[in-house]
Amino acid sequence: MEGKRKAFIFSLCFFFLSLPSFSSLPAFQTLIPNSHSLPSASPISFQPDSEPDSESLLGSEYESGSDSESSITLKLDHIDALSTNRTPEELFSFRLQRDSRRVKSIATLAAQIPGRNITHVPRTGGFSSSVVSGLAQGSGEYFTRLGVGTPARYVYMVLDTGSDIVWLQCAPCRRCYSQSDPIFDPRKSRTYSTIPCSSPLCRRLDSAGCNTRRRSCLYQVSYGDGSFTVGDFSTETLTFRRNRVKGVALGCGHDNEGLFVGAAGLLGLGKGKLSFPGQTGHRFSQKFSYCLVDRSASSKPSSVMFGNAAVSRFAKFTPLLSNPKLDTFYYIELLGISVGGTRVPGVTASLFKLDPIGNGGVIIDSGTSVTRLIRPAYIAMRDAFRVGAKTLKRAPDFSLFDTCFDLSNKNEVKVPTVVLHFRGADVSLPATNYLIPVDTNGKFCFAFAGTMGGLSIIGNIQQQGFRVVYDLASSRVGFAPRGCA
């Protein structure tokens, strides 16, 4: 009997010793300031003239709802690449301005209770009477090149996990902003088709307009910064590196205004049914991923992948949560944060809880740059970081950043480690993902910010270098470090 008890005690001790210990996390890591600077407007990595012949029979064609499976990989460029006449300081300032508008827009949308209705528009011209849809907001930060229509016309499209609508500018334009490519003319495409008002696709819009004369569906998307796009809700063929996806529901915008910075439109990657993943789930096994490079230190391109190949075997996964009032965003569960190898007191799961009616919570978003944390959590985390970085020379605040340092003439510095503890996945951030340059004089700032609202957002600066996997088939999000190779 005594022997059995000793064996049990030994087994119990072994079990607890095998559990992960947060105290064993490293306290510091090295940052090399001289190797990181404000990114400039790098040349676009795409080669428009090398796209496949749109009439070529190479590649494959797929219906958007078919059961066929395949994988594709596309290069991504940052939206700054379309503003080559700006200095690095100007580009960074504009990025923070876009970021602020986007966060405000997301918070406003998350606080609303969406309704569904059909509005009939008995008019022959213009689209200003169609109804605002709450399916999308913000114009995103990264874009790719794809073909629209048959024959395919290649354009730049912004990719955005916070939007559920696919749309692009279309001729004839009532009002259109300047874009890099000729505006798509649906009259020259053999595969373009408007959607009837009675179609289930039209009714999937949170709010839909109907032109009763043509009996065709209208859409309108309004963004928090005052930008908007209005036009016909239609179906069209999209071409991705010789892979044609037929019957994708998209907005053909004839009246478009806002800060869309040269791209032709937007490829919504949100969680809703009208996003590109929502429409083409079976085609790509309900999986996609992206890896966003640190543009201040790497010449590698960012990329997005669709299909089974998008899932990295090195990824650590956390479950997706469902918001009962809003299906656009990807909600995940943040349990706590470690700074300098120690859990931050007061930063608990209760601060980030998504309540039963859909308030609060944490989303991961490709279009937000700087991670926003509910203010009590941010203050506790920031204060812990300041204590760990007390040997570094402080510098004045910069824009939304209230913890900055003068690292000029420093070859390397030791900075406290930062780990985000999601349910099932501890994500240890590289130093370059949270201490970033904000000017060309050696000032670096702690790249988190507090928010007065209840919603927290994991932004793309903190996602840099990870392959972020959206496995919708298994309802989970994964993080694979060093995933851009």
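**Close-up 1. Contacts of Tyr434 in the predicted model.** Leaving aside residues up to four places away in sequence, Tyr434 touches Gln29, Phe385, Val415, Pro416, Thr417, Val418, Leu429, Cys445, Phe446, Ala447, Phe448 and Gln462. The structure shown here and in every following view is a predicted model.

**Close-up 2. The nonpolar cores.** The largest nonpolar core holds 73 residues, of which Phe276, Val418 and Tyr434 touch the most other members. Helix H5, residues 375-388, gives the most to this core, with five residues.

**Close-up 3. Helix H5.** The 14 residues of H5 reach 20 Å from the first C-alpha to the last, close to the 20 Å expected at 1.5 Å a residue. Ala377, Tyr378, Ala380, Met381, Arg382 and Phe385 are buried in this helix. Because an α-helix has 3.6 residues a turn, residues three or four places apart point the same way. Phe385 of H5 is also one of the residues that Tyr434 touches.

**Close-up 4. The salt bridge between Asp80 and Arg98.** Side chains of opposite charge can pair when their charged atoms come close. The model contains 18 salt bridges. In one of them, the side chains of Asp80 and Arg98 meet with an N to O distance of 3.5 Å. Asp80 lies in the loop between strand S3 (72-78) and helix H2 (88-111), while Arg98 belongs to helix H2, so the pair ties together parts 18 residues apart in sequence. Asp80 counts as buried because its relative accessibility is 4%, under the 20% limit. Arg98, at 14% relative accessibility, counts as buried as well.

**Close-up 5. The salt bridge between Asp160 and Arg102.** The closest N and O atoms of Asp160 and Arg102 are 2.5 Å apart, and the two residues form a salt bridge. Asp160 is placed in strand S6 (residues 153-160) and Arg102 in helix H2, so this pair ties together parts that are 58 residues apart in sequence. Asp160 is buried, with a relative accessible area of 0%. Arg102 counts as buried at 4% relative accessibility.

Close-up 6. A salt bridge joins Asp181 to Arg145, with 3.1 Å between the closest N and O atoms. This pair links distant parts of the chain, 36 residues apart: Asp181 is in the loop between strand S7 (167-169) and strand S8 (193-194), and Arg145 is in strand S5 (residues 142-148). Asp181 and Arg145 are both buried. Elsewhere, salt bridges with shared partners join Asp80, Arg95, Arg98 and Glu141 into one network.

**Close-up 7. The largest cavity.** Rolling a probe the size of a water molecule over the atoms shows where empty space is left. Seven cavities of 30 Å³ or more are found in a search of the whole structure, and the largest has a volume of about 150 Å³. Its lining comprises 14 residues, of which Pro39, Arg95, Asp294, Ser296 and Gln464 are the closest to the centre. H2 and strand S27 (435-437) each supply at least two residues of this lining.

**Close-up 8. The largest pocket.** The volume of the largest pocket is about 430 Å³. Among the 21 residues lining this pocket, Pro430, Gln464, Gly465, Phe466 and Arg482 are the closest to its centre. Strand S26 (residues 425-429) provides the largest share of the lining, three residues.

Definitions and conventions
Residues are numbered from 1 along each chain as its sequence is written. This is a predicted model: local features need pLDDT of at least 70, side-chain atom pairs count only at pLDDT 80 or more; totals for chains, interfaces and linings use all residues. Side-chain values use heavy atoms; hydrogens and water are left out. A nonpolar core is a set of buried Ala, Val, Leu, Ile, Met, Phe, Trp, Tyr and Cys residues joined through side-chain atoms within 4.5 Å. Buried means under 20% relative accessible area, exposed over 50%, partly exposed in between (1.4 Å probe, protein chains only). Helices (H or I, at least four residues) and strands (E, at least two) are DSSP runs, numbered from the N terminus. Contact means heavy atoms within 4.5 Å. A salt bridge is a side-chain nitrogen of Lys or Arg within 4 Å of a carboxyl oxygen of Asp or Glu. The expected span of a helix is 1.5 Å times one less than its number of residues. On a 1 Å grid over the protein atoms alone, a cavity is a set of points where a 1.4 Å probe fits but cannot get out, and a pocket is an open set with protein on both sides within 12 Å along at least five of seven lines; lining residues have an atom within 4 Å of a point. Grid points are joined across faces, edges and corners, and a volume is the space filled by probe spheres set on the points.
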